[in-house]
Amino acid sequence: MRSTTGKLGLDLLVGLSIFLFSFFMISNFIVGLFGEVRSEISLSSEAYKVSVILAEIPGKWSNGTANGTDWENYWSERNVIFLPGLASKPCELSISKVVAFKKVVESDYDRIKTFLGLKTPDADYDFHVSLETINSTPFQRELLLNTSGFPILDVGKSPSTFQVARYERLVWLDNCSVVGNPTVVAGRCVAKLVVVVW
């Protein structure tokens, strides 16, 4: 007499094993494929964030008892925390804030990384910030120079050649008399604020 109860066949087990193995391999491949895209999106948002902080806000400082927006006068004092905005008005940079930013990055790069939100427990990005002429390109940089022939702003680490995000903003300068190679539009100095993050 033949049995009518269900039995699991060997071909079913082999087929199911091959299907599950293929499914897991393809799903791992797809996750790895989009990993780099997520990294690029993260870099771009960090570069954009830094450019907004620098170009659109005047910055702030506080020592716990006093505060203000003239951080360029207080950044070197003990117990002062600050957000180093460069704007006198949105998209108009204050040359005095630019000079102070250059000094503070050259003296304490890691502190600025923390204040700009580029160094957190979860992530650690490097950055480079420069003021360039509007004719400048990523492959042929033309830095904005002061009247002595030195770059007005070119600070941070040298950009990596691997994976970077570059964000450029056109900005006005509040004092054209200190610029050695100005681009003047409608009677005002114009430059590119270039932020590179990696």
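Tutor: What follows goes through the cysteines, then the salt bridges. This is a predicted model, in which local features need pLDDT of at least 70 and side-chain atom pairs count only at pLDDT 80 or more, while totals for chains, interfaces and linings use all residues. Residues are numbered from 1 along each chain as its sequence is written, and side-chain values use heavy atoms, with hydrogens and water left out.

The structure holds one disulfide (a pair of cysteine sulfur atoms within 2.5 Å). Its partners are Cys 176 and Cys 189, with sulfur atoms 1.8 Å apart. The torsion about their S-S bond is about 55°, so the disulfide is right-handed. Cys 176 lies in the loop between E8 and strand E9 (183–185), and Cys 189 in strand E10 (residues 188–197), so the bond ties together parts that are 13 residues apart in sequence. Strands here are DSSP runs of at least two residues (E), helices runs of at least four (H or I), numbered from the N terminus. Cys 176 is partly exposed at 29% relative accessible area, whereas Cys 189 is buried at 2%. Buried means under 20% relative accessible area, exposed over 50%, and partly exposed in between, with a 1.4 Å probe and protein chains only. Cys 91 is partly exposed, at 23%.

Now the charged pairs. Side chains of opposite charge can pair when their charged atoms come close. A search of the whole structure finds 13 salt bridges, each a side-chain nitrogen of Lys or Arg within 4 Å of a carboxyl oxygen of Asp or Glu. In one of them, Glu 56 meets Arg 169 at 2.5 Å, N to O. This pair links distant parts of the chain, with Glu 56 in helix H1 (residues 10–56) and Arg 169 in strand E8 (residues 165–173), 113 residues apart. Glu 56 is partly exposed at 31%, and Arg 169 is buried at 12%.

Asp 124 and Lys 113 pair at 2.6 Å, N to O. Asp 124 is in the loop between helix H3 (109–115) and strand E6 (127–132), and Lys 113 is in helix H3, eleven residues away. Lys 113 is buried, at 3%.

Lys 89 and Glu 92 form another salt bridge, at 3.7 Å, N to O. Lys 89 is partly exposed at 49%, while Glu 92 is buried at 10%.

Finally, a network of salt bridges links Glu 132, Arg 141, Asp 154, Arg 166, Glu 168 and Lys 192.
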